[in-house]
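Colleague: I am new to reading models like this one. Could you take me through some features, step by step?

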Amino acid sequence: MRKMIVVAVREYLAAVKSKAFLVSLIAMPVIWGGSIVVQMALRNKVDTKDKRIAILDYTNQLYDAVATAAQTRNEKDIFEGDGPTRKQIKPRFLVQRVEPTGVDQAQARFDLSERVRKADSEDIMAFVIIGPEVIKPGVDPARAAIDYHSNSPTYDDIQDWVAAPLNERIQKLRLQEANLDAGIVEAATRRTPVANLGLVTRDAAGNITKAEQTNEIANVFVPLGLMMLMLMVVMVGASPLVQSVLEEKTLRIAEVLLGSVPPFQLMMGKLLGMVGVSLTIVTVYLVGAFYAIHQAGYGSFFPAHVVWWFVVFQALAVIMYGSLFIAVGAAVSDMKEAQSLITPVMVLAVSPMFVWINIVREPTSSFALAMSLIPPATPMLMTIRQAVPPGIPTWQPLLGILLVLLTTIACVFAAGRIFRVGILMQGKGAKIGEMMRWVFRG
Amino acid sequence: MVEWDMNVVEIDNVTKTFGQFTAVNALSLAVPRGSIYGFIGPNGSGKTTTLRMIMRIYHPDPGPGRIRVLGGTKQTAADDRVGYLPEERGLYKKMKVRDILRFYAELKGCRDFKDRVNSWLERMGLSEWADKKVEALSKGMAQKVQFISAVIAGPELVILDEPFTGLDPVNADVLRDAVLDLRKSGSTVIFSTHDMSVAERMCDLIFMIYKGNKVLDGTLESIQDRYGTDTLRVKVEGNGFDPRTIPGVEKVTDFGKLQELRISKSTDSQDVLAALMEFGRVTHFELARPSLHDIFVRIARPEATDAVAPSQEIVHA
């Protein structure tokens, strides 16, 4: 035990003192935070050059609605700020009417398309064809269609915008035709939203409290965040573990060490050191997240009741996966060889990602229970299930911990046997079959 | 238990095979407490395998053989009473010298490591390097640090696999003195070496292994006595001198001024002298004690490959 701790302390210090650790500790929030900041900064960085649109209105009743809406928009909706700081952040939409001439509709579409194709910045970049029977559709659906044509299929702002004034006007005209009052119809057909609430409780004074509004975003993102953190810590730990075993192998430190500490204790020391490193990372991020959430005023969403479970599951996940990474390090002779063996372990580690959304939506279903009791997935999935209100019965995470512990012991035992033989092997890496033989024959 | 007080290591009839290859064959040896015990033998003859078996890094093949170290038959390599410097050795590059020595001392359960580390560093001329990282050390310096890490905890038994290889003469002397001092302070030292003069000068007992078999085991004197009686250096004045015609002479090496004769075991050197005198005036007649180097070469040279019969060649102390 003493030797294990001496090894663990060395491994911990070697990992934490390295520059790579600091870089990876800072890099993740910087990359995540940075991408959000960049997106925020670039949100309004759109081209504000005027966009001209031709409207060919075969009904002769709808163009005005679009023109009025465009004018209102160009005066009010495309600016940010007030007074001297007022700044245009969106392009103006300039609509122009195209009179239906004698030519047939297909020819008209072609002529307008040719104008767009010229890509003249002073001319139209898109056009809208409003079919003659849009207001009162007949038997031919083509005559009752509104078509938006452009040569920039990914820019859909105009298409989205133009639909509203057109439909509003069409609806109004149809109601008039039917002699219905638009106000009454609007009131009669208004949709009523369904509020998503938690359960009602009784407070200390015996009064029944109001139910809290459920925050769907928090209920999904908190479990997701915890799962990602756990996965990241396991992954961050993988490479230092493999490298430290490889270093001892290639620099021939292993044999010196084995004269002082039994292989199993050496391996366990490494794992405990790694658990220390992972808990350091987790502490830094959780404290950071706690502070950030409180600062943002969402303190009640911090999953304080799950944190201790999370820490336990995180430690178990690190030992379970870490033992496999150590076995990989002991079995191979260089980092390149290690990569091909790390990949299957990584796939196992990320497998909970495939089902997490089902688990978040129905954390108490028997599917969720079954998935979360498969040991390699237990740490992440059980944490998710606990993080979604109202949580799960305590026996489930306890059973999960028991199963993970048993699996971990099996992994550590197998890894220990591979480690014992592999650590002294030089030159070539071991094949899977060879490793299996070491595990079963000792 | 008296026996175990005398012998720190006892190996009895131990065999180790790797697949079809027999690395060590029915080996027996005993290392008395307080001695310096030298392992010699050509590359690949089984020295490191034997040392690793003493360390319990390798376990012998199943069978009647047994290995006892410091009176125990533990199954693990880790023993706080044993210091081990393997042939393949390295240090953590990014660690400081002092931290590494402290790490090994703590692993061995040594608590008063501070003074020990300082005194060893001073002794090895490494005090200035105590707070430098290992990657800054020269090969020789790193080797000295490795040596300190093996002995920092004051072990009862020190096992050094080729400790002097790669050192310059000055550093080799420093290390040799350190080994001699270890014995003075009560430790037993086993080391392997390719340097026969080092083995001759330092070892109380010399053990040679060849192709997995023990071929020599005893004090230098006993080994030389065993091989020394069959070598004569002679100078004879006279024409037509051909010592090969003398009965019992197996081999003649002409050194110009002198001729070296090897005689068969049953031949009396006095009979050879009498025969030599018949050729002419004998101006030099010496019963030579071969150096350890000569003995080594005689056993390990290619033509001896098949001639080695362990039961005949072994010289017991």
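Modeller: Start with a term. Helices here are DSSP runs of H or I with at least four residues, numbered from the N terminus. Keep in mind that this is a predicted model.

Colleague: In which helix does Ala414(A) lie?

Modeller: Ala414(A) sits in helix H15 of chain A, residues 395-422.

Colleague: Is Ala414(A) buried, partly exposed or exposed?

Modeller: Count the neighbours. A residue is buried if 20 or more other C-beta atoms lie within 10 Å of its own, and exposed if 12 or fewer. Ala414(A) has 18 C-beta neighbours inside 10 Å, so it counts as partly exposed.

Colleague: What does Ala414(A) contact, leaving aside its neighbours within four places in sequence?

Modeller: Ala327(A) and Val439(A). Ile124(A) is 290 residues from Ala414(A) in sequence, and their C-alpha atoms are 71 Å apart in space.

Colleague: How do I judge the overall form of chain A?

Modeller: Compare it with a globule. For 442 residues, a compact globule would have a radius of gyration near 22 Å, whereas chain A has 32 Å. Its C-alpha atoms fill a box of roughly 100 × 65 × 55 Å along the principal axes. Chain A holds 16 helices and six strands. Buried residues are 33% of its 442 residues.

Colleague: How do I describe two packed helices?

Modeller: Use the angle between their axes and the distance between the axes. Take helix H7 (residues 216-250) and helix H9 (residues 263-295) of chain A: their axes come within 10 Å and cross at roughly 145°. The crossing of H7(A) and H9(A) is right-handed. From H7(A), the contact residues include Leu229(A), Val233(A) and Gly237(A). From H9(A), they include Met274(A), Val277(A) and Tyr285(A). The residues of this contact divide into nine nonpolar, three polar and one charged.

Colleague: What about nonpolar cores?

Modeller: In soluble globular proteins, nonpolar side chains tend to be buried together. Here the largest nonpolar core has 153 residues. Val328(A), Ile159(B), Ile206(B) and Met208(B) touch the most other members. Helix H10 of chain A, residues 304-331, gives the largest share, 18 residues. A second, separate core has 23 residues, among them Ala65(A) and Ile158(A).

Colleague: Which residues does Val328(A) touch, not counting those up to four places away in sequence?

Modeller: Val242(A), Ala338(A), Leu341(A), Ile342(A) and Val345(A).

Colleague: How do I read the contact between the chains?

Modeller: Look at each side. Chain B gives 22 residues and chain A gives 15. On the side of chain B, strand E5 (82-85) and helix H3 (97-107) each supply at least two residues. H3(B) gives the most, with four residues. That side of chain B divides into 12 nonpolar, four polar and six charged residues.

How values were computed
Residues are numbered from 1 along each chain as its sequence is written. Chains are lettered from A and ligands numbered from 1 in the order in which they are written. This is a predicted model: local features need pLDDT of at least 70, side-chain atom pairs count only at pLDDT 80 or more; totals for chains, interfaces and linings use all residues. Axes are lines fitted to C-alpha atoms, for helices over the stretch in contact, and angles run from 0 to 180 degrees between N-to-C directions. A crossing is left-handed if the near helix is turned anticlockwise from the far one by less than a right angle, and right-handed if clockwise. Two residues are in contact if their C-beta atoms, placed from the backbone, lie within 7 Å. Ala, Val, Leu, Ile, Met, Phe, Trp, Tyr, Cys and Pro count as nonpolar, Asp, Glu, Lys and Arg as charged, and the others, Gly among them, as polar. The radius of gyration is taken over C-alpha atoms; the globule rule is 2.2 Å times the number of residues to the power 0.38. A nonpolar core is a set of buried Ala, Val, Leu, Ile, Met, Phe, Trp, Tyr and Cys residues joined through C-beta atoms within 7 Å.
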